[in-house]
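Hi,

Here is the structure I said I would pass on. Have a look at it first, and then read on for what turned up.

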Amino acid sequence: MGPAAATGLRQARHRRVRLPDFPWDALTPFAEKARAHPYGLVDLSVGTPVDATPLVVQHALAAAANAPGYPTTAGTPELRDAAAGWLARRLGVIVDPSAVLPVIGTKELVAQLPGQLGLGPGDRVWIPTPAYPTYEVGALLARCEPVLGPADGVGLVWLNTPANPSGRVLTVDEMRAVVGWAREHGIVVASDECYIELGWEARPVSVLHPDVCGGSHEGLLAVHSLSKRSNLAGYRAGFVTGDPRLVAGLLEVRRHAGAMLPTPVQAAMTAALADDMHVAEQRARYANRRAVLAAALAVAGFTIEHSEAGLYLWATRGEDAWATVDALATVGVLVAPGVFYGEVGRRHVRIALTGPDAQIATVPERMAVLPPPQAPAPSVGGYHPDARTTGAHPVTAPSSAPPSAAHQPSAPRPPAGQPVRGPQPRSTGTGALPVATWPTYDAPGYSTSGHDNPAYDKAAYDRAAYNDAGYDGNGGHGVQVTAEPPDIR
């Protein structure tokens, strides 16, 4: 290899994007420990569905199996019509079917969206916290800087409601404030709404709802997945919709990239979006599992925070997250540590509702012998004890007035490719900050009345089915909203 080639190789290595380690690999020793329990492993660490794919979807997939030609990137007219119909019927959102674009699972879109929108070096992406790591990874792949609040150079704002991992639901006022701020600055807002049909104590609202966006979808995108609601995680089926101009731009990029959803999967999506009954049945299964797990956690001394919607319980007992993971592994239960989702989760764990019923039924007995919590460690690494009231930036609440330009700190850029975790200073120029306190820890906590029989509860299952409005308020379980927020210190 000549000097020029060697120099080029060194430069290519220097330009390589440095991504965080894949966090779930760190759970391997805890999984082995939990698997050694006499009752076996209850894996609640990943939100992967375990229930059968609905027959109506399987039949549609099989019927479309003879698909020798290439699929269309834009999706079939039937799929786009079904998605638009579902949005109107279930969410009160009206879109033109031409503004619906199928994607190969929404994680793929989240990871690629900054780049497909044309963002790159010098741009910033405002990501939620705590949050699934892919928002940060998507910014890094586009060589953008992920930030945790309003800042100069932001080109994309991510919302996630209901949130993963915390289950927090943004209010209409909070979402409207972020949308208004973004529009004033010409910034795109993308809302990841893959858990929107799993509201328990709160009814999630789409960013495209007229109450949020004022009837205009300008500058807005909503991302929807069928993985959880329809048990289609293995199909990789989702779609993005919103501003027709933005959707058309994404379609053009994805056509060149060959990002085509297979024709049989498009047919399966069409059937799933046209059928509400299977979603009601799956929602009821999750409601029953949620009731069992919430009761068991409460008896074991956990505080459940937020969790008013979604597929997870966001819980703490005041100790380091890894200590909680280890303690639960001793009784055969595997969960995800909150630090996977940012430093604000360093004393939390995320418990998924995706275990089989027979395994979930053993959790209360296991919790009865859970080792006691360790003494809490000193606050380090960006964790702020009052983050629940001041959001991602404990120094200045997002609802407060911005500092003057003369005294405003600039947001330091981390080393290239390094993850952004925990609170940071921010720069906002002269623009007004959103009034919303998103993201925060100010939602109420939960207590539970418990259950005499923590196993399958047929009455809870029946009560959790959709009513005419699609939600039954409390979801058929014993978790009640308390008046005061929990103290996570």
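Is the crossing of helix 4 and helix 10 left-handed or right-handed? It is left-handed. Before I go on, please keep in mind that this is a predicted model.

**Helix 10 and its two partners**

Let me start with helix 10, residues 263–274. A packed pair of helices is described by two things, the angle between the axes and the distance between them. For helix 4 (residues 77–91) against helix 10, the angle is about 25 degrees and the axes are 9 Å apart. Angles under 35 degrees count as roughly parallel, so helix 4 and helix 10 are roughly parallel to each other. On the helix 4 side, the residues that meet helix 10 are E78, L79, A82, A83, W86 and R89. Their counterparts in helix 10 are Q266, M269, T270, L273 and A274. Sorted by class, this contact has 7 nonpolar, 2 polar and 2 charged residues.

Helix 10 also packs with helix 3 (residues 55–63), where the axes come within 8 Å and cross at roughly 150 degrees. Anything over 145 degrees counts as roughly antiparallel, so that is the label for helix 3 and helix 10. The crossing of this pair is right-handed. Helix 3 brings V56, V57, A60 and L61 to the contact, while helix 10 brings P264, V265, A267, A268, A271 and A272. What classes do those residues fall into? The contact of helix 3 with helix 10 has 10 nonpolar residues, with no polar and no charged ones.

**Helix 2 with helix 12**

Another pair to look at is helix 2 (residues 28–35) with helix 12 (residues 321–330). Their axes come within 7 Å and cross at roughly 25 degrees, which means that helix 2 is roughly parallel to helix 12. F30, K33 and A34 of helix 2 make the contact with W322, V325, D326, A329 and T330 of helix 12.

**The largest pocket**

Which helix gives the largest share of the lining? That is helix 5, with 3 residues. Helix 5 (106–116) and helix 6 (134–141) each supply at least two residues of the lining. By class, the lining of the largest pocket is made up of 11 nonpolar, 8 polar and 5 charged residues.

**Some backbone details**

Most peptide bonds are trans, and most residues other than glycine have a negative phi.

- The bond from T129 to P130 is cis, with omega near -5 degrees. P130 sits in the loop between strand 3 (124–126) and helix 6.
- N164 and P165 are also joined by a cis peptide bond, with omega about 20 degrees. You will find P165 in the loop between strand 5 (154–160) and helix 7 (172–184).
- R143 is not a glycine, yet its phi is positive, about 60 degrees. R143 is in the loop between helix 6 and strand 4 (145–147).

Cheers

Key: Residues numbered from 1 in each chain as written. Predicted model: local features only at pLDDT ≥ 70, side-chain atom pairs only at ≥ 80, totals over all residues. Heavy atoms only, no water. Axes fitted to C-alpha atoms, helices over the stretch in contact; angles between N-to-C directions. Helix = DSSP H or I, 4+ residues; strand = E, 2+ residues; numbered from the N terminus. Parallel < 35°, antiparallel > 145°, perpendicular 65-115°, else oblique. Left-handed = near helix turned anticlockwise from the far one by under 90°. Contact = heavy atoms within 4.5 Å. Nonpolar A, V, L, I, M, F, W, Y, C, P; charged D, E, K, R; others polar.
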